Amino acid sequence: LLSLNNPLVVEDNNEFETEHSVEIQLPFIEYCLPNAKIIILLIGELDKNNLKIVANKLEEINDSKTLWVLSTDFSHVNGNFNYKISQPDIANKIIQTESEYMNVLLKINNNSGNDLLKIHKKYNASICGINVLKLWCNIKFIQQYNGHIACSYNSKQLAPFNNIKIDNSSGVVSYISCIYIKNTINIMDNIFTLFEQEQLLRYALSIIYNKINLKYPILNILT
């Protein structure tokens with residue numbers, strides 16, 4: 001990247017003094033891949049032209065031994081955050097909004113960059129790592145992979161377990177973990193993660209309960 005000789009790429013370790021996204025990932029990388037060499041990139045605002053320049057350079061340095069890890073919280077809602085969602089059912093409204101973002105991110109194609117921009121313009125959700133997601137959508141090699149959700153939740157969903165009351169004045173933060181699996185001939189080998197299988201079972205259970213007019217007590221917490 002530094003070989004671009006472009007002022008948009010700067011080597012500056014001071015930028016990471018207060019950036020916590022790296023610190024969240026390092027323990028897992030060090031445990032799973034103790035001998036891995038780690039290159040940390042902090043992605044700022046890039047226009048369309050510069051997005052393509054950086055994306056093309058990342059294409060050049062990618063190989064079969066490279067593991068790409070993207071780190072960002074997802075929606076930051078209400079409280080001191082600019083993105084606002086009103087009662088009732090804040091948690092499910094967050095899920096509905098984020099599903100539009102994830103529909104783009106789980107299957108990257110030539111239109112994904114523009115599609116993500118349109119969705120972000122529509123909602124302007126407070127996603128702290130939106131710039132790295134924009135860049136990801138412009139990288140061609142990821143089109144060979146299918147994204148799968150490994151885990152998804154927000155603090156509104158977890159609040160009942162911790163006896164926390166969430167209202168319009170409370171900030172809510174959501175988190176989504178996604179893994180990309182290369183397309184194979186035998187797609188059944190990687191069609192669903194364990195999290196996705198669990199969610200499908202819970203969805204089926206909710207339909208059964210609703211059909212027989214019973215309240216499903218954990219539907220709104222775990223879906």
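**Figure 1. Lys93 in helix α3.** At 28% relative accessibility, Lys93 counts as partly exposed, because that value falls between the limits of 20% for buried and 50% for exposed residues. Lys93 belongs to helix α3 of this predicted model. With neighbours up to four places away in sequence set aside, Lys93 is in contact with Ile85, Ser86, Gln87 and Pro88.

**Figure 2. Overview of the protein.** The predicted model contains eight helices and three strands. In sequence order these elements follow the pattern α-α-β-α-α-α-β-α-β-α-α. Of the 223 residues in the protein, 33% are buried. Among contacts with a separation of 6 or more, 72% join residues 24 or more positions apart. The protein exposes about 14,700 Å², and carbon and sulfur atoms supply 55% of this area.

**Figure 3. The open sheet of three strands.** The strand order in the sheet is β1-β3-β2, and the pairing is antiparallel. Strands β1 (76–77) and β2 (145–154) stand at the edges with a single partner strand each, so one side of each has no neighbour in the sheet. In general, strands of a sheet pair through backbone hydrogen bonds, either parallel or antiparallel. Here β1 and β3 (residues 172–182) run antiparallel and are joined by two bridges. Val77 has Val172 in β3 as its bridge partner.

**Figure 4. Helix α3 across the sheet.** Helix α3 spans residues 90–105 and lies across β1, β2 and β3. The helix runs at about 30° to β3. Lys93, shown in Figure 1, is one of the residues in α3.

**Figure 5. Packing of α3 and α4.** Two packed helices are described by the angle between their axes and the distance between the axes. For α3 and α4, the axes come within 9 Å and cross at roughly 170°. That angle makes α3 roughly antiparallel to α4, because angles over 145 degrees count as roughly antiparallel. On the α3 side, the residues that meet α4 are Thr97, Glu100, Tyr101 and Val104. On the α4 side, they are Ser112, Asp115, Leu116, Ile119, His120, Lys122 and Tyr123.

**Figure 6. Ser112 and its surroundings.** Ser112 is found in helix α4, which covers residues 112–123. Ser112 is buried, with a relative accessible area of 1%. Residues up to four places away in sequence are not counted here; beyond them, Ser112 touches Val104, Lys107 and Cys137. One of these, Val104, is also among the α3 residues that meet α4. The C-alpha atoms of Ser112 and Gln143 are separated by 9.9 Å, and the two residues are 31 residues apart along the chain.

**Figure 7. Cys32 and Cys137.** Cys32 counts as exposed at 56% relative accessibility, whereas Cys137 counts as buried at 4%. Cys137 is one of the residues touched by Ser112. A disulfide is a covalent bond between the sulfur atoms of two cysteines. With sulfur atoms required to lie within 2.5 Å, the count of disulfides comes to zero.

Figure 8. Asn124 lies in the loop between α4 and α5 (130–136). Asn124 is not a glycine, yet its phi is positive, at about 50°. With a relative accessible area of 52%, Asn124 is exposed, because the limit for exposed residues is over 50%.

Terms used: Residues numbered from 1 in each chain as written. Predicted model: local features only at pLDDT ≥ 70, side-chain atom pairs only at ≥ 80, totals over all residues. Heavy atoms only, no water. Pairing = 2+ DSSP bridges. Helix = DSSP H or I, 4+ residues; strand = E, 2+ residues; numbered from the N terminus. Contact = heavy atoms within 4.5 Å. Axes fitted to C-alpha atoms, helices over the stretch in contact; angles between N-to-C directions. Buried < 20%, exposed > 50% of the residue type's maximum accessible area, 1.4 Å probe, protein only. Areas by Shrake-Rupley, 256 points an atom, 1.4 Å probe, with all protein chains shown as cover. Parallel < 35°, antiparallel > 145°, perpendicular 65-115°, else oblique.
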